[in-house]
Amino acid sequence: MSQAYKLIKNCRIVSPGLDIPRGDILIEGTRIAGIYDGTAHNTPALPAHETIDGEGFMALPGFVDVHCHGRNSHDFCDASEEGVNEIGLGKLSEGVTTLLPTTLTVSEQRLCDALSAIRRYNNRGCKMPAIHLEGPFVNPAMKGAQNPDHIRKPDAALVERLNAIYPIGKITFAPEMEGGVAFSDTMIRHGITPSITHSCAGYSIFSACHEHGLRNLSHFCNQMTPLHHRDIGLVGAGLLHDDVYCELICDRIHICDEMIRLAFKVKGAEHIILITDAMSAAGMPDGLYDLGGLDVVVKDGAARLKEGGALAGSTLKLNVALKNVLEVTGLPLSSLVAASSLSAAQSLGLQGIGRIEQGYTADIVLLDSNMEVEKTFVDGELRFAK
Ligand code: FE
């Protein structure tokens with residue numbers, strides 16, 4: 001019989017600003033009821049509980065991936081309920097407990113179908129509280145792997161129609177497109193997080209959006225205006241403004257190691273959001289795949305459009321992203337770990353997620369010393385074990 005309390009025993013506990021070499025985590029239902037430093041020998045008498053042996057493992061806040069198109073040969077835009085279920089389960093194996101299914105620049109009908117399939121998700125994998133719409137309101141000049149046939153100008157009415165099918169949490173758009181700055185304001189008023197990329201916007205357009213509350217840049221550095229000494233562009237804006245959250249694809253392909261170091265040095269983990277930007281080839285072998293109707297070749301784990309060779313999402317897993325950042329920056333895990341959960345949660349206004357702390361949601365990942373995922377708990381429930 002399962003108990004109301006669970007105790008993860010004898011694990012290293014790492015949370016933003018916290019690193020306990022050996023401790024216990026008490027879970028009551030869906031919440032963390034307490035954490036105890038095992039070396040202090042002050043663990044109080046605990047209620048009857050189920051024990052999970054955490055010996056040799058690290059417990060981290062469950063990862064939050066706000067930018068992910070698919071996995072296990074499925075893309076959210078395939079609009080397949082079975083595909084959504086498989087992605088949800090697959091993400092647990094990389095330690096993700098909260099995911100924003102991310103759409104591509106496709107037709108409105110296909111977006112509606114994709115959101116309807118997500119609405120039928122069985123909720124047995126990671127949580128999917130809201131959608132990230134990437135496009136279709138992007139700049140054709142910075143389309144990357146977004147299908148140009150379906151690019152359109154910012155349209156709040158379209159977002160409203162989609163929001164009626166499944167909640168929209170974040171929208172990636174180009175503010176220099178017609179009505180873009182006003183669109184950003186409208187999204188904020190509706191509680192949707194606007195985020196810029198696939199954009200040629202200079203600093204002044206960014207600044208107009210920032211003055212009205214925009215605080216996010218999607219896949220920072222990729223498909224946005226670079227830093228120039230007479231217009232610092234979107235890259236400069238992300239580095240300059242402490243309050244701006246920057247998504248980073250740390251697969252060591254999309255951005256170089258020095259940019260990872262620079263971003264963490266200037267911004268700190270509290271305003272960096274590690275994302276996978278994974279497409280259907282994540283968790284699958286090299287080969288030929290589809291991304292929003294475009295052919296993609298995956299070779300040595302790098303996904304590129306067959307035509308033109310633009311990077312077409314990634315095959316990155318979030319535990320590997322964090323491992324890469326650890327290796328590249330050489331910083332202690334406790335000062336990096338905000339980037340894999342807390343920053344994402346805060347950027348979206350999700351409360352009670354991103355820390356291993358009393359009162360927080362019991363979304364926890366247990367990893368070995370090589371950052372391989374051993375167990376994943378969602379709302380206190382063990383949903384993945386290696
Ligand atoms: Fe993109």
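**Contacts, metal site and core**

Modeller: Contact means heavy atoms within 4.5 Å. Not counting residues up to four places away in sequence, isoleucine 249 touches His219, Asn222, His254, Ile255, Ile275, Thr276, Asp277, Ser314 and Leu316. This is a predicted model, in which local features need pLDDT of at least 70 and side-chain atom pairs count only at pLDDT 80 or more, while totals for chains, interfaces and linings use all residues. Residues are numbered from 1 along each chain as its sequence is written, and side-chain values use heavy atoms, with hydrogens and water left out.

Colleague: Is isoleucine 249 buried or exposed?

Modeller: Buried means under 20% relative accessible area, exposed over 50%, and partly exposed in between (1.4 Å probe, protein chains only). Isoleucine 249 counts as buried because its relative accessibility is 0%.

Colleague: Which residues are the protein donors of the iron ion?

Modeller: Donors are N, O and S atoms within 2.8 Å of the metal (3.2 Å for Na, K and Ca); water is not among the atoms, so sites may look incomplete. Here the protein donors are Glu134 (OE), His198 (NE2) and His219 (NE2), at 1.9 to 2.3 Å from the iron ion. Their spacing in sequence is E-x63-H-x20-H. Both glutamate 134 and histidine 219 are buried.

Colleague: How many residues has the largest nonpolar core?

Modeller: A nonpolar core is a set of buried Ala, Val, Leu, Ile, Met, Phe, Trp, Tyr and Cys residues joined through side-chain atoms within 4.5 Å. The largest has 104 residues, and Phe264 is among those with the most contacts inside it. Apart from this core lies another, of 16 residues, including Ile20 and Phe377.
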